[in-house]
Amino acid sequence: MDSDKTWTKEEILNIYNKPLMELIYDAAEVHRLHHDPLKIQVSKLISIKTGGCPEDCGYCPQAARYHTNIEKNNLMPVEEVLAKAEAAKATGSSRVCMGAAWRNVQDGEDFDQVIEMVKGLSSMNMEVCCTLGMVTENQATRLAEAGLHYYNHNIDTSEEYYKEVISTRGFNDRIKTLENVRKSSLKVCSGGIIGMGETVDDRIGMLMGLLKLSEAPESIPINALVPVEGTPLEEQEIVPIWDVVRMIATTRIVFPKSTVRLSAGRMQMSKEGQALCFMAGASSIFAGDKLLTTPNPGDNEDMELFSILGLTPTEKIKDYTGKVKIRKDQPVVVEDGNWSRPNHIIERNVKATEKGKTKRKALK
Ligand code: SF4
């Protein structure tokens, strides 16, 4: 498969809809051309600031407006983050991703503290990633100078369906953040979530969104929604494993050189289902019994699965040199800061917010 190919939506849709066994076979072939199929990168996600987020992302238990059972935490001390990373390294992780429930990065004490975390982690010979919300080019450059390798900011879904999930920032803010990251020397990590009620067209639309970036992301997480009580998407049915496999395989074929990460939702997948995802080109998982706030298989369980499948965790930081062709017909306009706040009405978000208010009142 030509990694410099310019894709149309129809072509990608045709790939997604192939007979599943053909799709997995094709994706496995592409995977073998660019990656060691017996290596999986194990990443540790550390929630450095949990909950209390002002945004209204319909899938997220960390949004302050919904009433969920998560434990809120202020920004974690630097030493605690470094100790968690050391422990993760000892159990096979070669990558740490720090997540903070912020709308956007704000210059000041908290950001300075994150910079110290990045400095400490990058001296541990681990790949370091951050997901801190929207970021300006200057802030991304500061993170890069501190030793950060990747910045994560998921576009979540298609531009069209995005409006049904989030009202407190626009799809274009996401793109602006990713282009700000790209202008610094950081690598881009961006992907999406399936199982939010989107159509197959939206799933392909998410991939098209990534293709419209000036360069393809080096890292693409594919998440399966974990419906959390209290969030607007609490009643969403668990996405079938076959859809996850299709999405992983399609992503692998369209982005042959990127790391495709099988991310949230693994607790909902059988070991056999996860094995199919690895076969179809997933080359990374998140380890530990908790992701940011939702449950995840424990380290032992993952190592047992790796041993059954003959997989081993990657030890070294991966060198990424591949690039996907820029789609020159769709230039991206980039501004620094000035984030939008569309605040249109999303009925289910409003309903979950009202329910949250009532619950909090009753608890007083
Ligand atoms: S996904 Fe991120 S920005 Fe959205 S509510 Fe959750 S923590 Fe906030």
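This is a predicted model: local features need pLDDT of at least 70, side-chain atom pairs count only at pLDDT 80 or more; totals for chains, interfaces and linings use all residues.
Residues are numbered from 1 along each chain as its sequence is written.

Okay, D156. D156 is buried, with 25 other C-beta atoms within 10 Å. It sits in the loop between strand 4 (150–152) and helix 6 (159–162); helices here are DSSP runs of H or I, at least four residues, and strands are E runs of at least two, all numbered from the N terminus. Now, most residues other than glycine have a negative phi. D156 isn't a glycine, yet its phi is positive, about 75°.

You'll find N343 in the loop between strand 10 (312–313) and helix 12 (347–363).

One more loop residue, R169, between helix 6 and helix 7 (171–183). R169 counts as buried, with 23 C-beta neighbours inside 10 Å. R169 and S340 are 171 residues apart in sequence, but their C-alphas are 5.5 Å apart in space. Leaving out residues up to four places away in sequence, R169 touches E55, M134, W339, S340 and R341, where contact means C-beta atoms, placed from the backbone, within 7 Å.

On to the core. A nonpolar core is a set of buried Ala, Val, Leu, Ile, Met, Phe, Trp, Tyr and Cys residues joined through C-beta atoms within 7 Å. The largest one has 95 residues, and V96, M98, C130, Y151, L225, V244 and I248 touch the most other members. Which helix gives the largest share of this core? That's helix 9 (residues 241–254), with seven residues. As for M98, its contacts, again not counting residues up to four places away, are I46, I48, V81, M117 and C130.

Let's stay with helix 9 and look at packing. The axes of helix 9 and helix 10 (residues 271–279) come within 9 Å and cross at roughly 15°; axes are lines fitted to C-alpha atoms, for helices over the stretch in contact, with angles from 0 to 180 degrees between N-to-C directions. Helix 9 and helix 10 are therefore roughly parallel (under 35 degrees is roughly parallel, over 145 roughly antiparallel, 65 to 115 roughly perpendicular, the rest oblique). On the helix 9 side we have I241, V244, V245 and I248, meeting G273, L276 and C277 of helix 10.

Helix 1 (residues 9–16) also packs on helix 9: the axes come within 9 Å and cross at roughly 135°. That pair is therefore oblique. I12, I15 and Y16 of helix 1 make the contact with R246, T250, I253 and V254 of helix 9.

Last pair: helix 3 (residues 78–90) and helix 4 (residues 109–122) pack at about 30°, axes 9 Å apart. That makes helix 3 roughly parallel to helix 4. V78, V81, L82 and A85 in helix 3 meet Q113, E116, M117, G120 and L121 in helix 4.

Technical notes:
Two residues are in contact if their C-beta atoms, placed from the backbone, lie within 7 Å. A residue is buried if 20 or more other C-beta atoms lie within 10 Å of its own, exposed if 12 or fewer, and partly exposed in between; C-beta atoms are placed from the backbone.
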